[in-house]
Amino acid sequence: MRPFRYERVGDDLGAVTAIAATPGARFLGGGTNLVDLMRLGVETPPVLIDVTRLPHDRIDDRADGGLRIGAGVRNSDLAHDPAVAERYPVLSQALLAGASGQLRNLATVGGNLLQRTRCLYFQDVTKPCNKRVPGSGCPARAGDHRNLAILGGSPHCVATHPSDMAVALAALDAVVHVEGPAGPRVIPLGGLYRRPGDRPDRETTLERGDLITAVEIPPLAFAGNSAYRKVRDRTSYAFAVVSVAAALDVAGGVVRDARLAIGAVAPVPWRARAAERVLAGQPATAEWFARAADAELAEAAPLPDNAFKLTLVRNVVVRMLGELAGPGPEGSAS
């Protein structure tokens, strides 16, 4: 690991000013992703700005029934918060499916959102990677790509976003509060992330000096009927092969509304809007759940070794939605 300077700040303005003063400086929250990448030589910031003492460690009810979650809230605290577990079980389940207990105790909400999309080649500085060195190439396309993107990738990068929490927040229409040199602003979660295109080194729409301060989840009447399902190669401490976050509103055997997001299939948390449109007003049956999944996957471009994800996504979506629809005609697989 290269030498670096450590600074601690006491307020948002100090954080934004400090990061803007040194090219390459990075904010430090829990450090569970950043420090790993520094050890590998992937990240080499000259300065780390510690933002863990900033007053963003609360979970508060909004007047409209939603939640405001500070960027400094630890993942374990968020997962076990009674309001989150009761009103947004999909979020609690996603957090508990991520990493290990020790890492969840340290990782912050803001840091979780800003995990680097990754693959083996990104983390190996002896290999070319367009994310690390733009224009150097993407060996993953012809190499090891079993767990990489089938949606939203580009010829320049097919890495996948690793966050479980972000997939749940995408399904819940969360928004992100940012403080930056130009002042505060609010970004829809879907607008936070960039697809790789020809610039895979730029993963978010954040500008230099921008600091995430909070995440807000709007009220959703049927969010209590939600769940997160993560398929992985082993049951502990593994990234998803495919994950699905879903919330479903069914009445009289008909889908009134749905929220659906898919993880580990794209360089961004993938909001399945095509699937949601197909589901609206249709019978809550396995046939229609499968049609919705197929509509979402219509634009997929898998590589030879990850084409199995098409079937896996379809199966997980059908199974999850069937469980949320409940027994009887709504959840019937017949």
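Ala264 sits in the loop between strand 11 and strand 12; strands are DSSP runs of E with at least two residues, helices are runs of H or I with at least four, and both are numbered from the N terminus. Its phi is near 65°, a positive value in a residue other than glycine. At 8% relative accessibility, Ala264 counts as buried (under 20% relative accessible area; exposed is over 50% and partly exposed is in between, with a 1.4 Å probe and protein chains only). This is a predicted model, in which local features need pLDDT of at least 70 and side-chain atom pairs count only at pLDDT 80 or more, while totals for chains, interfaces and linings use all residues. Residues are numbered from 1 along each chain as its sequence is written, and side-chain values use heavy atoms, with hydrogens and water left out.

Ala99 also isn't a glycine, yet has a positive phi of about 55°. You'll find Ala99 in the loop between helix 5 (89-97) and helix 6 (101-106). Ala99 is partly exposed, with a relative accessible area of 31%.

## Two cores

Now for the nonpolar cores, meaning sets of buried Ala, Val, Leu, Ile, Met, Phe, Trp, Tyr and Cys residues joined through side-chain atoms within 4.5 Å. The largest has 73 residues, and Leu78, Leu91, Leu113, Leu169 and Val265 have the most contacts inside it. A second, separate core of twelve residues includes Ala15, Ala25, Val47 and Val51.

Back to Val265: setting aside neighbours within four places in sequence, Val265 is in contact (heavy atoms within 4.5 Å) with Ala149, Ile150, Leu151, Thr160, Val242, Trp270 and Val313. Val47 turns up again as a partner of Thr22, which also touches Arg5, Pro46 and Arg208, again leaving aside neighbours within four places in sequence. Thr22 is in the loop between helix 1 (12-21) and strand 2 (26-28), and is buried at a relative accessible area of 18%.

## Helix 12 and what covers it

The buried residues of helix 12 are Lys309, Val313, Val316, Val317, Met320, Leu321, Gly322, Leu324 and Ala325. Their cover includes strand 9 (226-232), strand 10 (240-251), strand 11 (254-263), helix 10 (273-279) and helix 11 (286-296).

## Ala227 and Ala246

Two alanines show some of that cover up close. Ala227 is in strand 9 and is buried, at 18% relative accessible area. Beyond neighbours within four places in sequence, Ala227 contacts Val90, Gln93, Val244, Ala245, Ala246, Met320 and Leu324. The C-alpha atoms of Ala227 and Leu91 are 7.9 Å apart, although 136 residues separate them along the chain.

Ala246 belongs to strand 10 and counts as buried at 1% relative accessibility. With neighbours within four places in sequence left out, its contacts include Ala227, Met320, Leu321 and Leu324.

## Empty space inside

Rolling a probe the size of a water molecule over the atoms shows where empty space is left. On a 1 Å grid over the protein atoms alone, a cavity is a set of points where a 1.4 Å probe fits but cannot get out; a pocket is an open set with protein on both sides within 12 Å along at least five of seven lines, and lining residues have an atom within 4 Å of a point. Points are joined across faces, edges and corners, and a volume is the space filled by probe spheres set on them.

There are two cavities of 30 Å³ or more. The largest holds about 60 Å³, and of the 14 residues that line it, the closest to its centre are Cys119, Cys129, Asn130, Cys138 and Cys157. The second largest cavity has about 50 Å³, and its lining includes Cys157, Arg194, Arg195, Arg202 and Glu203.

## The second largest pocket

This pocket has a volume of about 270 Å³. Of its 14 lining residues, Leu189, Gly190, Pro269, Arg271 and Arg273 are the closest to its centre. Helix 9 (189-192) and strand 12 (270-271) each supply at least two residues of the lining.
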